[in-house]
Amino acid sequence: MDVSSFPPEFSRDGKPLFTGIEAADIGRYVVFTVRDPLHDFQKPAAEEIADFLEGAHQVADTKMFATYSGTYRGAGVSVCAGGSGAPELELAMVDFLRWTSADTFVRVGTCGALQRAIGVGDIVISSAAVRDEGTSREYVRPTYPAVANYEVVLALVTAAERVGCTHHVGITRSNDAIYVGDGRPAIDYLQEEHRGIPRYWEAARVLNVERETSLLLTLANLFGKRGGSVCTVVDNDLTGSVVGVGAGKRESILVALEAFAILEEWDRRKESLGRRYLSEESIRGGGLPEPEVRST
C-alpha cells in the first residue's frame with residue numbers, strides 16, 4: 001500500500017503509529033473491543049477474545065491498542081482492543097482502513113438497555129445507530145445515517161440463533177457521556193433536561209445505549225466497508241436492574257466470531273457465483289433461473 005501521502009506524524013518505521021499493525025498480519029474480519037471492566041475481562045481484552053481463535057498470536061501492541069490475529073472456523077480474524085469511546089475507535093479503525101485489506105468490522109462490547117423487556121445478559125444486534133457521539137459529526141453532517149451492513153446483521157442474527165442466546169435486533173444509541181448523557185447524576189449534578197433522556201429513547205424504540213457503534217457504522221459506510229455491532233446488556237436503568245458485570249460476555253464474543261465464519265462461507269459463495277450482493281439464492285449456493293422471454 002502506498003503510504004507516501006500519509007501524515008508522517010501518524011506513522012513510524014513504515015507502520016501506523018497508533019496501532020502498529022502490518023497488513024500481512026490482519027484478517028479480513030475484525031473485532032473492535034474496549035478494555036471495559038463491565039465486560040469483566042480476566043485477561044487483556046484482545047487476548048481474551050483471541051483465546052477463542054485458532055493459532056492466535058499478538059501482532060501488535062502500542063500500549064494504546066493491542067491486536068491479535070488467528071482464525072475461527074476458517075475465517076481470518078483480528079481482534080483490536082483499546083480505550084472507550086468514539087475518539088479512541090476512530091484512531092484504530094482509520095489505521096485498519098488505511099493500512100490493511102480488512103473489509104468487515106464488528107464492535108463487541110457492553111451496553112445499557114433502553115427497553116424494559118430487555119434483560120441483563122441479553123444480546124443486542126444493531127441494525128442502525130443514533131449518532132449522539134461527537135466524532136462522526138466531524139466526518140459528515142448529522143443527517144447521514146449510521147446503518148449496519150445487512151449481510152453482517154443477518155450473519156449476527158444467524159449466529160445468535162446458533163449460540164442459543166436471547167437476542168434483540170434494532171437501533172442503538174451511541175453517545176459520549178455515560179453519566180448526565182444517559183440521565184444519571186454526575187455526583188450531585190443533573191439538569192432537568194437530562195432526567196428524561198432514557199424515557200425519550202425508550203419511546204423512540206431505541207434498544208440500547210453505548211459509545212462506539214455509530215462511529216464504526218458511519219466510517220464503514222463512508223469507506224465502502226461492512227460494519228456491525230453486537231453488545232451484551234449489563235444494566236437497565238428503566239427497570240432498576242443491578243449492574244451485571246460480565247453478563248453475556250461469552251455469548252457476545254461467540255456471536256461475533258460465529259458471524260464471521262458464516263460471512264466467510266457466504267462470501268465464498270457470492271464470489272463463486274459472481275454476485276455482488278447476498279441473497280437467498282447465493283446463501284443456498286444456487287443460480288438464478290434464466291429469465292422467461294415472451295414474444296409480443
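This briefing covers charged and aromatic side-chain pairs in the structure above. The model is predicted, so local features need pLDDT of at least 70 and side-chain atom pairs count only at pLDDT 80 or more, while totals for chains, interfaces and linings use all residues. Residues are numbered from 1 along each chain as its sequence is written, and side-chain values use heavy atoms, with hydrogens and water left out. The structure holds 25 salt bridges, and the count of aromatic pairs comes to five.

**Salt bridges**

- A salt bridge is a side-chain nitrogen of Lys or Arg within 4 Å of a carboxyl oxygen of Asp or Glu.
- D132 and R137 meet through their side chains in a salt bridge of 3.6 Å, N to O.
- D132 is partly exposed at 27% relative accessibility, and R137 is also partly exposed, at 43%; buried means under 20% relative accessible area, exposed over 50%, and partly exposed in between (1.4 Å probe, protein chains only).
- R173 and D182 form a salt bridge whose closest N and O atoms are 3.3 Å apart, and both residues are buried.
- A network of salt bridges links D132, R137, R173, D182, R184, D235 and D237.

- R162 and E258 form a salt bridge, with 3.0 Å between the closest N and O atoms.
- This pair links distant parts of the chain, 96 residues apart: R162 is in helix α3 (residues 150–163) and E258 in helix α7 (residues 249–273).
- Helices (H or I, at least four residues) and strands (E, at least two) are DSSP runs, numbered from the N terminus.
- E258 counts as buried, with 10% relative accessibility.

**Aromatic pairs**

- Rings of Phe, Tyr and Trp (its six-membered ring) pair if their centres lie within 6.5 Å; planes under 30 degrees apart count as stacked, over 60 as edge-to-face and the rest as tilted.
- By this rule there are five aromatic pairs.
- F10 and F18 form a tilted pair, 5.4 Å centre to centre with 45° between the planes.
- F10 is partly exposed at 37% relative accessibility, whereas F18 is buried at 19%.
- F32 and F105 form a stacked pair, 5.8 Å centre to centre with 15° between the planes.
- Because F32 lies in strand β3 (residues 29–34) and F105 in strand β7 (residues 104–113), their pair ties together parts that are 73 residues apart in sequence.
- F32 is buried at 4% relative accessibility, and F105 is buried with a relative accessible area of 0%.
- F32, F96 and F105 are linked by ring pairs into a cluster.
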